[in-house]
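Welcome, and please open your viewer. This tour goes from one selection to the next, with a short note on what to look for at each stop.

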Amino acid sequence: MLLSDSHTCPLVSTAKVGKTSLIMSLVSEEFPDDVPLRAEEITIPADVTPERVPTHIVDYSERRAGLCSESCHWIPLINDRTDKDSRVPLILVGNKSDLVEHSSMETILPIMNQYSDIETCVECSAKNLKNISELFYYAQKAVLHPTGPLYCPEEKEMKPSCIKSLTRIFKVSDLDNDGILNDKELNFFQRTCFNMPLAPQALEDVKNVVRKNMTDGVEDNGLTLKGFLFLHTLFIQRGRHETTWTVLRRFGYDDDLELHQEYLFPLLKIPADCTTELNHNAYLFLQSVFDKHDKDRDCALSPEEVKDLFKVFPYMPWGPDVNNTVCTNDQGWITYQGYLSQWTLTTYLDVQRCLEYLGYLGYSIICEQESQAAAITVTRNKRIDLQKKQTQRSVFRCNILGARGSGKTSFLQAFLGRNLLKQRKIREDHKSFYSINTTYVYGQEKYLLLHEVMPDFDFLSEEDLACDVVCLVYDVNNPRSFEYCAKVYKQYFMDSKTPCMMIASKSDLHEARQHYSLTPLDFCRKNKLHPPQPWTCNTVDAPNKDLYTKLTTMAMYPHAKLRCMCTCNRCTFCICQNILRSQLLTNIKAKFYSVVLNRHMAQADLKSSTFWLRASVGATVFAVLGFAIYRAILKQR
C-alpha cells in the first residue's frame, strides 16, 4: 500500500510483499538480484516526472501478514494520525502480479468502497517491471490532484467547498453577468486555464455532452452554472481530476480549496512617505465590474446589485457606513462616482485589503496580469514633490480637527452634497469618520479624502497628524470652540510644513465672542494664515463646495502654504492664480500667432498696411477676451 503526502511517498505494508523491490526496480529499471532489507530514501528529480515535480520515496516496513492487515491495521492507523478534513490520499498496490494468473481486483474493490481515501488501485510486478512507472505516476497524481477535496464517492457528487469555488470561478468568468458562459467567455476561460482556445467544433461537442445529460445546462447556446458544475463532476468521475485542479489553481486556490495568501496578498513594496493609488487600468477594470452588475443601468448600485457584486467574496466587505462615506443617489444607493471613490479610499488607507478585494474579483486573471500589484501605483516620496514644487498624485488627505460639536461630521457629509436636513436622517451607528469625493483644480480631477479626527487633544497619533492639509473647525456660535483649534495649531502645526485652513462653522448662526486671547481673525493674521472661512450646511440645496476645492489646491501646492493674505503673491491662491495667468497668456499668444499666420497665408495679396491693421484688431480681441476670462476666474476663486 502506498501513501502519498505532499511530494513524499512512503511505501508501507506487511513484510515480504516487495516494497523494496519496487523501489529498486524503479531506480535501476531492472529487477535486483540482491534486495536489501530496506532501501535508502531516494528523490526522483522533477525533470524526469510527467508532472514536473520532485518526488521523495521512503521505504517503511513492519512485520504483519495478510491482506486483512491492510484494511484492519494500516488504513485505520493512517486515518487516526490525520485530521478528517486533511486526509492524505492512498493508493492500494497489488505487487507480484507475475506470480498469479488472475486479478485480485475482486478482493480489493470492497476495501476501496469502504475507504474513500483510496484514490486508486494498481496491480504491478517488480520482477517484470509491469506498471512500475505508472504506480509512481499515480502517486504523484494523487498528491497533486487528489479526489478527496473535490468529490464525495458515497454521495457521488462534488463537495460543497468545491461547488463554492467553481461557482466563484464561473461568476468571475461570466464577464457580462448574464448567468451564461457564451463562446467568447468560454474561449477566454479555456485560454486562461489551459493556454489554448477551443476549436468551434470542440465547443459544440462540450455543450452537446451537457445537453444529453441535463435540460438546463445549456441556454441561449451558452453554458449555465449547472452545466459548468456538471462538466467538472464528469471530469472527476472519469478520473480527470487534473482538469478541475488546473482550473482551481489558476484561479488562486490551494489544496484545501482556500485562496492562496500569495494570490490574495502579492508582494508590494511601499517606501516611506509614499502613498498608494489605483492606476488607469485598475479603474477600467473596476468600471467593467460596475457595469457588469448595474443591471438597470441607472449608474447606481442597489442593495441587491451590491450583494450580487460581492458574491465572489467570502464575506461582505462594505458595511452601511460606506453609504455615508461616498456619494449616493436620492435612494441612498452608491453611485458610480461613489463606487470608484470607495475603491480609491481603500487603496489609499489599506492597500493590502485592496489587493485582497481585487483578488476575489479576479483582477489578475481578467486583466491578464501577474498579480493584483499591477493595479497599484506607488507615488513618489512627498519630499521630492516639495522640492520640485509639483506632484503627480491624484489622492490627497485632509484631516479635520475641532472640538466636539464644532461641525466636523457635517463638514464631511456636506462634501457628499448633503445639507443639514439630509444629515439628520443618518443613523448614529451608520456614520463614518471618512468621506471622499472628487474635486477639480484647474481642470484636473483629484480625489480629496476627509478624515474626522477624534478631539482627544493629548492623544493625537502620528496617523492623526499625517496628511496633506489640515482643516481646523470651530463653531462660531460656541464661545469656547475656537480655543481647541488654537491650541492644536500651536502645539502640532505651527512649525510643520502642513498647510492649514481655519473653518468658521455654522456661519448661519449668531457669531459669539470667542473666549480666547485673540479673535479668530487676529489669530490667523498673527500666524500668517488665511482668514477663517465661513461655512454652513444649513442650506436648502446642496452645500457649496468651494472650500473643498481650496483645500485640494492647498494639498497640491504645500510649498505655498496659506500663511498670508491673498495679495502677497506668495500664498497658494496667489501662486495658483499666477500659474493660471501664465497659462492664459500663453494660450492667447498661441492663438494670436495662429490667426496671424492663417490670415497671412489666405490673404497673401493684401497690402501690408491692411494686413497689419486686421492682425492688430484680431490680437486686441483675443487679448480682451483672455483678460475677461482671467478676471472671471479670479472672481470665481
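Start by selecting K171, D308 and K311: in this predicted model, salt bridges link these three residues into a network.

Next, select D385 and R380. How far apart are their closest N and O atoms? The gap is 2.5 Å, and the two residues form a salt bridge.

Move on to D255 and R249. Their side chains meet in a salt bridge, with 2.6 Å from N to O. D255 has a relative accessible area of 39%, which makes it partly exposed. R249 is partly exposed too, with a value of 30%.

For the last pair, pick E428 and K431. Here the side chains meet in a salt bridge at 3.2 Å, N to O. Colour the two residues separately, and compare how they sit at the surface. E428 counts as exposed, because its relative accessibility is 62% and exposed means over 50%. K431 has a relative accessible area of 36% and is partly exposed.

Would you like to keep exploring? How many salt bridges does the structure hold? The total is 16, and the pairs on this tour are among them.

Terms used:
Residues are numbered from 1 along each chain as its sequence is written. This is a predicted model: local features need pLDDT of at least 70, side-chain atom pairs count only at pLDDT 80 or more; totals for chains, interfaces and linings use all residues. Side-chain values use heavy atoms; hydrogens and water are left out. A salt bridge is a side-chain nitrogen of Lys or Arg within 4 Å of a carboxyl oxygen of Asp or Glu. Buried means under 20% relative accessible area, exposed over 50%, partly exposed in between (1.4 Å probe, protein chains only).
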